[in-house]
Amino acid sequence: MKRSVLAAALGLALFVGGASAQEFERNIMTGGAQGTYIKVGRDIAALGAECGLKLNVVESAGSLENFVGVRNRRNTQFGIVQSDVLEYLKTFEANDPEVQKAVKGVRIMFPLYNEEIHVLARKDIGSMKDLAGRKVAVGKKDSGTFLTATLIMDILQVKAGQRMDINPEEALPKLLSGEIDAFFYVAGAPASLFSGNAIDKAKFHLVPITEAPLLATYTPSRIEAGTYAFQDQPVDLIAVKAVMMTYDYDTKRNAYHRDSCKTVADFSNLIVSGLDKLKTTGHPKWKTVDLTALPPGWQVGVCVKAGMALDYKPACKAGAATSASGGDDSNEEYLNLLKQRLQP
């Protein structure tokens, strides 16, 4: 991937200033109004509400904005980010001081579920190579969809005739009206954008994505027949992992860091304790969550591990909080805590 794909977004990460002093809030940055991230964020907020902890679910452009938000935006303790965004940040980190500054302090909260890479297109586009010379919407520049679309077309050396930097909600009506030929959308299936719109199966379909060069970065996946009303046959494609990110707050620094670390620990505890409930009542993607599937190169946050301790009590219950400062920086501690918490 070209370094320039990340330059604008990471420039934002370096130059966005902290907000002035304000009342403490808890926020999770998610995605578009019809995406999977925002529904998952609402599921997590519902767990907090049962505990008396208010978590604001913030709509956003997606992964890149969310990563920047966790790094720089005050009162933003959580953000959901695609694993390919994380992988390519790590690729550039070693030799790029800008990227080193942008990722400093950002940590794993939990790995979540796989997100399918949807390419909805006219029926005459039978493969990814057929996107060459076409009008293709690739998502807004600070979204994960934009980065993924750019990566895929770069890897396959497919050059669109015109690339439109618009989000999937804007792209769908343009596709249906014939203004564009295809658009990318990274979202956990079933994506409500496709479920709640009349898409003519005689004119449009999901493009299979099975090209071997992509499998070094992405996971093979399949959207089963009937997932969407316009889709009669299963479609083989690829997926990325959705990862909930946080920041390594320093409890010795100030009250804001202490409150934020307590928030991370509380929600770490609530998510692990409430995982069975999330799988039963939350978005269908919760059923596929694997909390052990940590993306390589990234550490789990210290405040996350504090909340996973067997004797930790969230703020909604009586009991003293476990200290979140210091501790082992490896992920072995996280995996051991997870095994203890989830054992039958």
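Visitor: How many disulfides does the count come to?
Guide: The count comes to 2 disulfides, where a disulfide is a pair of cysteine sulfur atoms within 2.5 Å. This is a predicted model, in which local features need pLDDT of at least 70, side-chain atom pairs count only at pLDDT 80 or more, and totals for chains, interfaces and linings use all residues. Residues are numbered from 1 along each chain as its sequence is written, and side-chain values use heavy atoms, with hydrogens and water left out.

Visitor: Which cysteine is joined to Cys 51?
Guide: Cys 316, with an S to S distance of 2.1 Å. The pair links distant parts of the chain, 265 residues apart: Cys 51 lies in the loop between helix H2 (36-50) and strand S2 (56-58), and Cys 316 in the loop between H11 and H12. Helices (H or I, at least four residues) and strands (E, at least two) are DSSP runs, numbered from the N terminus.

Visitor: Is Cys 51 buried or exposed?
Guide: Cys 51 is buried, at 11% relative accessible area. Cys 316 counts as partly exposed at 31%. Buried means under 20% relative accessible area, exposed over 50%, and partly exposed in between (1.4 Å probe, protein chains only).

Visitor: And what does Cys 261 pair with?
Guide: Cys 261 is joined to Cys 303, with S to S at 2.1 Å. Cys 261 sits in helix H9 and Cys 303 in helix H11, 42 residues apart. Cys 261 counts as buried at 1% relative accessibility, and Cys 303 is buried at 1% too.

Visitor: What pattern do the disulfides follow?
Guide: 1-4, 2-3, with bonded cysteines counted along the chain.

Visitor: Changing topic. Which residues of H12 are buried?
Guide: In H12 (residues 332-342), they are Tyr 334, Leu 337, Leu 338 and Arg 341. They cover an arc of only 105 degrees around the axis, so they are on the same side of H12. The arc is that of the directions from the helix axis to the C-beta atoms.

Visitor: What do the buried residues of H12 pack against?
Guide: Strand S4 (106-122), helix H9 (255-273) and helix H11 (302-308). Contact here means heavy atoms within 4.5 Å.

Visitor: How many residues of S4 are buried?
Guide: 14 of the 17, so S4 is largely enclosed by the rest of the structure.

Visitor: Which way does S4 pair with S10, and over how many bridges?
Guide: S4 and S10 (residues 235-247) pair in the antiparallel sense over 8 bridges; two strands pair if DSSP finds at least two bridges between them. Glu 116 has Ala 239 in S10 as its bridge partner.
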